[in-house]
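I opened this notebook to record what I looked up in the structure.

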Amino acid sequence: MSLNQDGTAGYVYILINAAFPEFIKIGLTTLDPRERAKQLSTGTGIPAPYAVAWKIHVSDCRVVEQMAHAKLAIHRVRNNREFFR
C-alpha cells in the first residue's frame with residue numbers, strides 16, 4: 001500500500017449510527033468530528049444521526065486513516081466505502 005504523506009493535521013474518527021448498529025464508519029476530517037457527523041447525518045437516506053464514538057487528533061490524518069483502513073480491510077463492507085463490520 002502506498003501512503004500519501006502530506007502532513008495534514010486533523011482527526012481520524014469512528015462514527016456510529018443507531019440505524020446501522022452492525023457498522024462503524026472510520027474516516028478523517030480537519031474539522032471537529034462532531035461537525036462531520038452532523039454533515040453526514042443531514043442526508044435524506046439517513047434515518048438516525050451519526051455520533052462520534054472515538055476520535056484522535058494526529059499530525060497526518062490521511063496516513064493514519066489509510067493505516068486503519070488497511071489493518072481492518074477484512075472487515076470492510078465495500079472497497080470504495082469507509083464502513084466496517
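I first counted the elements: the protein chain has two helices and four strands, where helices (H or I, at least four residues) and strands (E, at least two) are DSSP runs numbered from the N terminus.

I noted that the model is predicted: local features need pLDDT of at least 70 and side-chain atom pairs pLDDT 80 or more, while totals for chains, interfaces and linings use all residues. Residues are numbered from 1 along each chain as its sequence is written, and side-chain values use heavy atoms, without hydrogens and water.

Next I examined the sheet. It is open, with four strands in the order β3-β1-β2-β4 and antiparallel pairing; two strands pair if DSSP finds at least two bridges between them. I found β3 (50-58) and β4 (83-84) at the edges, each pairing on one side only. Strand β2 (residues 24-29) joins β4 in the antiparallel sense over two bridges, and isoleucine 24 stands opposite phenylalanine 84 in β4.

Finally I checked burial: 27% of the 85 residues are buried, that is, under 20% relative accessible area (1.4 Å probe, protein chains only).

Note on methods. Buried < 20%, exposed > 50% of the residue type's maximum accessible area, 1.4 Å probe, protein only.
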